[in-house]
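I opened these notes to record what I looked up in a single model. The entries follow the order in which I checked each point.

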Amino acid sequence: MDIAGYLASIFIGIALGLIGGGGSILTIPVLVYLFSIDAVLATAYSLFIVGSTSLVGSFSYFKKGWVDIKTAIFFGIPSVAAIFLTREYILLVIPDDIFTVGSYTITKNILLMLLFAILMIAASLSMIKRDRKASDEASQKRQFNYLQILIQGIFIGVITGLIGAGGGFLIIPALVKLRKLSIKTAVGTSLVIISINSLMGFLFSLSHTFVKWGFLLSITSIAIIGILIGSYFSTKIEGDKLKTAFGWFVLIMGVYIIIKETILK
């Protein structure tokens, strides 16, 4: 299983490099199911892996001018604040055993995995459904709506803090629809936001997390190789087809996690 986990780690980076999101969708299941890591600890590890990988991947997009700095800053500030509050207060007050139905107990770990699976399914549907209107209008930027960006940033921050997801699968649709960014600029800007959010979230977790740095850095290194591969092929593969195929994969993974955490428990 460890070998499968290391092999799967490269696809974390490839997903981030190709579509600017989806890294955490792969990271959490890899850590929990292949490396048998506690779900709460996996959220912290995921933040470091996805954040570091996104940071490396964002450089190539930045050099090509595919990063909207203003959007990244105004999206990132409320996100980081929300991550801090979520990791320091909300996550810590959730009890280990939440409630019991018959012989089945909903634990904190199961709750986090179910929330993650629901988000995966929601994200997959947005990937599978082609929004042609949004694509056609992507080159026409809207006026910068600070309130919308603030609200979206807070929402992404809570999600990132709670389940260790960088939120790329939520950030990119928001950037295309709210800011009318082109898909490549949305991907590049998303990688910058993910790197800021995830690495800050990991820093906020260090005070109550025991980190196995050797293991964590090895997974991160493999994922970084993946994002370099993904970034290279991102200019050669049609984004819409790739996103749809990845969406179906995410949908299947989300359904599998729900079944595994409920019926198969």
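**Contacts and overall form**

I began with contacts (heavy atoms within 4.5 Å): of those in the chain between residues at least 6 apart in sequence, 80% join residues at least 24 apart. I note that this is a predicted model, in which local features need pLDDT of at least 70, side-chain atom pairs count only at pLDDT 80 or more, and totals for chains, interfaces and linings use all residues. Residues are numbered from 1 along each chain as its sequence is written, and side-chain values use heavy atoms, with hydrogens and water left out.

I listed the secondary structure as DSSP runs numbered from the N terminus, with helices (H or I) of at least four residues and strands (E) of at least two. The chain has 11 helices and 2 strands.

I took buried as under 20% relative accessible area, exposed as over 50% and partly exposed as in between (1.4 Å probe, protein chains only). Buried residues make up 52% of the 265 in the chain.

I searched for nonpolar cores, meaning buried Ala, Val, Leu, Ile, Met, Phe, Trp, Tyr and Cys residues joined through side-chain atoms within 4.5 Å. The largest has 68 residues, and Leu-31, Ile-163 and Phe-169 have the most contacts inside it. Leaving aside residues up to four places away in sequence, Ile-163 touches Ile-28, Thr-43, Leu-112, Leu-115, Phe-116 and Leu-119.

I examined helix H8 (residues 168-178) next: 9 of its 11 residues are buried, so the helix is largely enclosed by the rest of the structure. Phe-169 is one of these buried residues, as are Gly-168 and Leu-178. Just after H8, Lys-180 takes a positive phi of about 55°.

**Salt bridge**

I searched the whole structure for salt bridges (a side-chain nitrogen of Lys or Arg within 4 Å of a carboxyl oxygen of Asp or Glu) and found 1. The side chains of Asp-68 and Arg-179 meet in a salt bridge at 3.3 Å, N to O. Asp-68 lies in the loop between H3 and H4 and Arg-179 in the loop between H8 and helix H9 (183-205), so the pair ties together parts 111 residues apart in sequence. I recorded both Asp-68 and Arg-179 as buried.
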